[in-house]
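Take a look at the protein shown here. The report below walks through its build, one topic at a time.

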Amino acid sequence: MKTTNMQAKGRGGGNMKAANPQQVIFELKKKVVTALNKLADRDTHQRGVDELENTVEHLAPDKISCFLSCILDTDSEQKSAVRKECIRLMATLARFHHGLVAPYLAKMVSSVVKRLKDQDSVVRDACIETMGVLASKMSCYEDESYGVFVSLVKPLFEAIGDQNKYVQSGAALCLARVVDSSPEAPVAIIQRMLTKTVKLLNSSHFIAKPAVIELNRSIILVSFVSANLMFALDVIVVTAEKWVPIVEVPVNSLKLFLEKKKREGFSILGLEQTANSASLDKYQFPKKTVLVLGREKEGIPVDIIHVLDACVEIPQLGVVRSLNVHVSGAIALWEYTRQQRIQ
């Protein structure tokens with residue numbers, strides 16, 4: 001009878017020997033390194049990506065640590081395709097294994113922070129994407145002290161203070177993605193973050209201000225959703241509230257508020273593209289004007305449109321005739337101010 005050299009453990013606990021754990025780990029490392037090497041070649045790149053994703057999908061829980069050590073040990077001399085994929089694989093791990101990667105979260109975030117110094121923007125973009133995935137997949141394992149959220153944001157927030165412009169910008173954009181991707185970002189923590197990031201914008205030594213503005217946008221949007229609008233305004237207006245009265249009007253009370261202002265003699269003007277919109281540069285603003293801005297992409301709701309006395313639009317050229325709400329509002333306010341100054 002023909003026999004083989006294969007040895008395995010039988011269900012009934014027979015004499016067949018179990019696979020050597022060290023041999024299994026060795027084979028896994030060999031498999032991962034072989035696939036990583038394929039990433040550096042254009043002809044074999046996609047094959048390497050597929051093999052690595054397949055390895056992650058079928059990875060045993062007790063082999064996650066070994067796999068991570070393989071992808072986190074990649075040095076900066078490797079090609080950018082390899083460095084990028086090693087970052088992206090951490091997101092793939094979170095997608096397939098969810099809470100099983102929680103014990104390694106600090107190690108993974110630390111690796112992302114190190115990669116923010118990478119000269120290649122493709123690698124840094126992979127860091128931002130990965131942080132978003134980690135936030136979305138790990139948030140369901142959050143505890144009362146928000147340990148997961150803190151583990152994600154604390155190293156990144158510390159990295160913003162780095163003198164390297166790539167690290168500053170990358171850390172801020174990673175934080176923005178974490179805030180955007182967290183279903184229930186803890187408001188108390190992000191409010192403290194906003195207070196500090198506003199100070200960074202006022203610092204002449206801080207380089208990555210556009211990235212921090214994007215981070216502040218994410219924080220403020222979460223504050224709006226969490227009914228903390230006045231806190232956000234208090235931080236970003238920087239004492240302007242002392243000279244300009246600011247009143248919060250809930251969305252469900254906006255129509256009543258506008259009707260009240262109309263009775264007080266105000267003209268209700270909407271900044272919106274409609275069939276009857278007047279061009280902003282040809283419209284004469286009444287002195288008592290309430291300017292209504294819509295939501296991003298959605299515009300002004302139909303029930304509010306019916307309350308308006310008139311609509312204006314900003315004349316533009318090109319195919320995409322659209323500006324962000326805050327930009328459009330600033331332009332309209334400047335035109336109003338210009339006309340009032342002339343008068």
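## Overall make-up

The protein has 14 helices and four strands. The model is a predicted one. It holds 343 residues, and 38% of them count as buried.

The accessible surface comes to about 20600 Å². Carbon and sulfur atoms account for 54% of that surface.

## A covered helix

Helix 3 spans residues 64–72. Is this helix mostly covered or mostly open? Helix 3 is mostly covered, since seven of its nine residues are buried. The buried residues are Ile 64, Cys 66, Phe 67, Leu 68, Cys 70, Ile 71 and Leu 72. To be buried, a residue must have under 20% relative accessible area.

What covers these buried residues of helix 3? The cover includes helix 1, helix 2, helix 4 and helix 5.

Phe 26 sits in helix 1. Its relative accessible area is 48%, so Phe 26 counts as partly exposed. The C-alpha atoms of Phe 26 and Cys 66 are 9.5 Å apart. Along the chain, these two residues are separated by 40 residues.

## Helix 2 against helix 4

Helix 4 covers residues 80–97. The axes of helix 2 and helix 4 come within 9 Å and cross at roughly 30°. Angles under 35 degrees count as roughly parallel, so helix 2 is roughly parallel to helix 4. The crossing of helix 2 past helix 4 is right-handed.

Which residues meet here? Helix 2 brings His 45, Val 49, Leu 52, Glu 53, Val 56 and Glu 57. Helix 4 brings Ala 81, Glu 85, Arg 88, Leu 89, Thr 92, Leu 93, Phe 96 and His 97.

His 98 is found in the loop between helix 4 and helix 5, which spans 105–115. His 98 is not a glycine, yet it has a positive phi of about 45°. With 29% relative accessibility, His 98 counts as partly exposed.

## Helix 6 against helix 7

Helix 6 (residues 121–138) and helix 7 (residues 147–159) pack at an angle of about 160°. Their axes are 9 Å apart. Angles over 145 degrees count as roughly antiparallel, so helix 6 is roughly antiparallel to helix 7. Helix 6 passes helix 7 in a left-handed crossing.

On the helix 6 side, Met 131, Leu 134, Ala 135 and Met 138 make the contact.

## Salt bridges

How many salt bridges does the count come to? The count comes to 12 salt bridges. One of them pairs the side chains of Lys 38 and Glu 51, at 2.7 Å from N to O. This pair links distant parts of the chain, 13 residues apart. Lys 38 is in helix 1 (residues 21–39), while Glu 51 is in helix 2 (residues 45–57). Glu 51 has 27% relative accessibility, so Glu 51 counts as partly exposed.

Another salt bridge joins the side chains of Asp 309 and Lys 262, at 3.4 Å from N to O. Asp 309 lies in the loop between helix 13 (302–305) and strand 4 (310–313). Lys 262 lies in helix 12 (residues 254–263). The pair therefore ties together parts that are 47 residues apart in sequence. Both partners are partly exposed: Asp 309 has 44% relative accessibility, and Lys 262 has 33%.

Arg 338 forms a salt bridge with Glu 335. Their closest N and O atoms are 2.7 Å apart. Both residues lie in helix 14 (residues 325–342). They are three residues apart, about one turn of the helix. Why does that spacing matter for direction? An α-helix has 3.6 residues a turn, so residues three or four places apart point the same way.

Are the two partners buried or partly exposed? Arg 338 has 32% relative accessibility and counts as partly exposed. Glu 335 has 10% and counts as buried. Elsewhere, salt bridges that share partners join Glu 53, Glu 85 and Arg 88 into one network.

Conventions
Residues numbered from 1 in each chain as written. Predicted model: local features only at pLDDT ≥ 70, side-chain atom pairs only at ≥ 80, totals over all residues. Heavy atoms only, no water. Helix = DSSP H or I, 4+ residues; strand = E, 2+ residues; numbered from the N terminus. Buried < 20%, exposed > 50% of the residue type's maximum accessible area, 1.4 Å probe, protein only. Areas by Shrake-Rupley, 256 points an atom, 1.4 Å probe, with all protein chains shown as cover. Salt bridge = Lys/Arg side-chain N within 4 Å of Asp/Glu carboxyl O. Axes fitted to C-alpha atoms, helices over the stretch in contact; angles between N-to-C directions. Parallel < 35°, antiparallel > 145°, perpendicular 65-115°, else oblique. Left-handed = near helix turned anticlockwise from the far one by under 90°. Contact = heavy atoms within 4.5 Å.
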